[in-house]
Amino acid sequence: MSSSLDALDPAALQLGRLEAARTRRKAHLQLALRYLILGAVSVLMLYPIVWLVGASFKSNAEIFGSAGFWPSSWNVESYVKGWKTSTEYTFATYFLNSFLIAIPRIVVTVVSCVLVAYAFARFEFWGRKTLFSIMVATMMLPHVILRIPQYLMFREFGWLDSYLPIIVPSAFATDTFFVFMLVQFLRGIPRDMEEAAVIDGCNPLQLLWHVVVPMLKPAIVSVIVFQFIWTMNDFMSPLIYLSTVAKYPVSLALKMSIGATEEVEWASAIAISVVALLPSVAVFFAAQRHFIDSAASSGIKG
Amino acid sequence: MYENRRVGFLFALPFVLGVLGFKLFPFVMSFALSFSQFEVFRPPQFVGLDNYAQLAQDPSFHSAMGATLWFVALAVPLRVGFALLVAHVLNYKLRGIGFFRAAFYLPSILGGSIAVAVLWRFIFARNGLVNQVLAAIGLEPVMWLADEQHAMWTIVLLFTWQFGSSMVIFLAALQNVPTSLYEAAELDGASKWQQFWRITVPLITPVIFFNLIMQLVHGFQEFNGPYMVTEGGPLQSTYLLSLYIYEESFRYFNLGYGAAMSWVMFAVVGAFSAISFWSSRYWVFYAGEKERAK
C-alpha cells in the first residue's frame, strides 16, 4: 500500500490534500454562514423584547433617546406608577382576574379535549369521520363570523359582564386545535398497553385515566401552556363581553392604561407591558421543549 | 372494545354539543342576521339584501376591504416564506438548535398580546427604536405610524415577526424528507439551491399548502395589531375589515350590518381557500398517497 502511495506523483498528492482542505474549509464556511443567519434572525426576533425590558427602567426622555438596552440608571419608578394604574384598582386585581379566567378555562379545556381526542383516536362510532372533518373545517372557519350570534346567545343567557362566555364554550371542546393536536399525538402511540389493560379487565374510563392520560402527558402540558398564554393574550373576548372595570383582565387594563396616559407616561406603559408578559414568558421557557415538539407533531403528517 | 360505538360517541359528546351550540347554530344565525336590520334593543327586522346593497356603496367598507386584501397579500406570503426559509436553515444538526427554535418561536407566542402591540408602537414611533437604528447607519428617519404610506408595513412586520408556528410545522415536515435524496442529488452535482427547489419544496408542498390556508384565515382576521399599533390610521390606511366589523357591531350595535360584513369576509376567505384548493391539484404532491391506498 505504502509503496504505491510513494509511487504517486507528489504534485498529485499535494493537489489531493488541497482539495480535501478546500472542502473542509467550505464546510466550515457554510456552518459559519448558517450561524450568522441564525444569529441575525435571533437578534431581530428577540431584541424588541429585550429592548422593552431595558426601556422599562429608563426615563421618558431616555426611552426615545437611545436604541441601546442599558438604561443610564435603573429606575423602578415606572413600575410603581404603572402598577398603581390610573383606575381605583392596581394591577394585582387585573392579574387576579386574568387567572380567574385562565385557570378554570384550562381545566375544562383539558378535560373536554382529552375525552374527545380519545374518542376520535380510539373508537369507531357513527359519524366519526364526518365529525372529524367538521372539526378540521372549524379550524379554518374565520371566528369573526360567530362573534355576533355568540354575543346575542350569551346576552340571552344573562352571561354578559361575566367570565362565562369565555370559559363555558371551552368545556365543549370548541378549541378544536387542541383536539386535533391530541388526536395526532394519540395516533403516534401504539395501542399495546391499552390492549393489555383491556385484557386485564379495564373499562374505557379506567383505561383513559390509568393508561392513556399518563402517556398523553407531554401533549397535555402543551395544551395547558397554549391555552394559558392564549387566554392571557386574548383581548377581543373580554373587550366584547366585559363592561365592569373591576372585572377586567390584564389585556384590557393595559389597553386602558395606554389610552389614559397618552404621550405622558410612556415609561409606565412600558413597565407594565413587561410585567404583563412575564407569566407567559415564564411558562413558555418552563415548557418550551415539550410544546414546540408537540406543536410540530400536530403538523399534518398523515 | 374499540368497536364500542356507544362509548365512543359518549366520549365525543362534548364536542358534538359544542359544535352544534357554539359553532353551527351561531353560523346559521349570523347568516340569517345578515338579512336583518338589528340594533340590539329592538327586535330584528327582515330587510332582505339591503345590508349587502348598502355594503356595495359604502366607501368605508371598500377602503377596509382594500386595506385587508393589501395586508393579506403582503403579510401572508412574507410570514409563510420566512417560516420556510428559517426552518430550512434550522433543519441541520447544529449546536444550540434548541435556543434558536425557542428564540424564533417566542414572538409567535407573545405576538398576539396587547403588551407586544404596545411595544410595537414604541419601536415604530417617531423617535423609536427603528428610526434610531436607521439614524445610526446614516439613513433618514421614517414616519412609520403617521404616514399612510408606511403604517401598513408596521402591522405587516408585526404579523411576519410571528412566523414561529408555521416554522415549527415546516420543521417537522423537513425532518421527514429522506436524507438519501439529498445525498443522491449531491452525487449528481446539484447545488444547494437546486436541491432546495427540486427536492425540498416539492416534497413539502402539502405543508406549504396547509400553512398558506391557515395563515390566510388568520391574516383576514388580524385585529390586535391594527387596533392597538395604528388604531386603523392614519387616514384609515390600516383600518382593516376586522376593525370595521368590530366597531359597527359592538360599538354602534348595528348587528345586522356587522353580520353582513362578516359574511362578505367569510365569502372572500372561502373564495381564496377554494382557489388554493383548486390550484393545489397542480402543485401539491402527496407522497403518502400510495401508502394511504393500502
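In helix α6 (residues 129-136) of chain B, the buried residues are L129(B), N131(B), Q132(B) and L134(B). Here buried means under 20% relative accessible area, exposed means over 50%, and partly exposed covers what lies in between, with a 1.4 Å probe and protein chains only. Contact, for the record, is heavy atoms within 4.5 Å. After α6(B) comes G138(B), with a positive phi near 80°.

A bit of bookkeeping: this is a predicted model, in which local features need pLDDT of at least 70 and side-chain atom pairs count only at pLDDT 80 or more, while totals for chains, interfaces and linings use all residues. Residues are numbered from 1 along each chain as its sequence is written, chains are lettered from A and ligands numbered from 1 in the order in which they are written, and side-chain values use heavy atoms, with hydrogens and water left out.

Stepping back to the whole chains, chain A is built from 14 helices and zero strands. Chain B, by comparison, has 15 helices plus two strands. The C-alpha trace of chain A spans about 95 × 70 × 35 Å along its principal axes, and the corresponding box for chain B is roughly 75 × 70 × 35 Å.

Burial covers 50% of the 302 residues of chain A and 56% of the 294 residues of chain B. Taking contacts in chain A with a separation of 6 or more, 71% come from residues 24 or more positions apart. In chain B, 69% of the contacts between residues at least 6 apart in sequence join residues at least 24 apart. As for surface, chain A exposes about 14,400 Å², with 67% of it from carbon and sulfur atoms, and chain B exposes about 13,900 Å², with 65% from those atoms. These accessible areas come from the Shrake-Rupley method with a 1.4 Å probe, and for residues only the protein chains shown count as cover.

On the charge side, chain A carries 22 positive and 19 negative side chains, the centres of the two sets lying 5 Å apart. For chain B, the mean positions of 17 positive and 16 negative charges are 12 Å apart. Lys and Arg count as positive and Asp and Glu as negative, with His and the chain ends not counted; each charge is placed at NZ of Lys, CZ of Arg, CG of Asp or CD of Glu.

The largest nonpolar core holds 189 residues, and those touching the most other members are F120(A), V179(A), L182(A), F71(B), F104(B), M167(B) and F170(B). Helix α3 (residues 59-90) of chain B gives the most to this core, namely 16 residues. Such a core is a set of buried Ala, Val, Leu, Ile, Met, Phe, Trp, Tyr and Cys residues joined through side-chain atoms within 4.5 Å. Setting aside neighbours within four places in sequence, F120(A) has contacts that include F125(A), F132(A), V179(A) and, from the other chain, F15(B).

T200(B), in helix α10 (residues 192-203) of chain B, is buried, at a relative accessible area of 0%. Beyond its neighbours within four places, T200(B) is in contact with H88(B), L174(B), Y182(B) and Q195(B). F99(A), in helix α5 (residues 91-122) of chain A, is partly exposed at 30%.

Most residues other than glycine have a negative phi. D161(A), however, has a positive phi near 60°; this residue lies in the loop between α7 (144-157) and α8 (164-167) of chain A and is buried, at 15% relative accessible area. Q236(B) also has a positive phi near 60°, sits in the loop between α12 (224-230) and α13 (241-250) of chain B, and is partly exposed at 38%.

Terms used:
Helix = DSSP H or I, 4+ residues; strand = E, 2+ residues; numbered from the N terminus.
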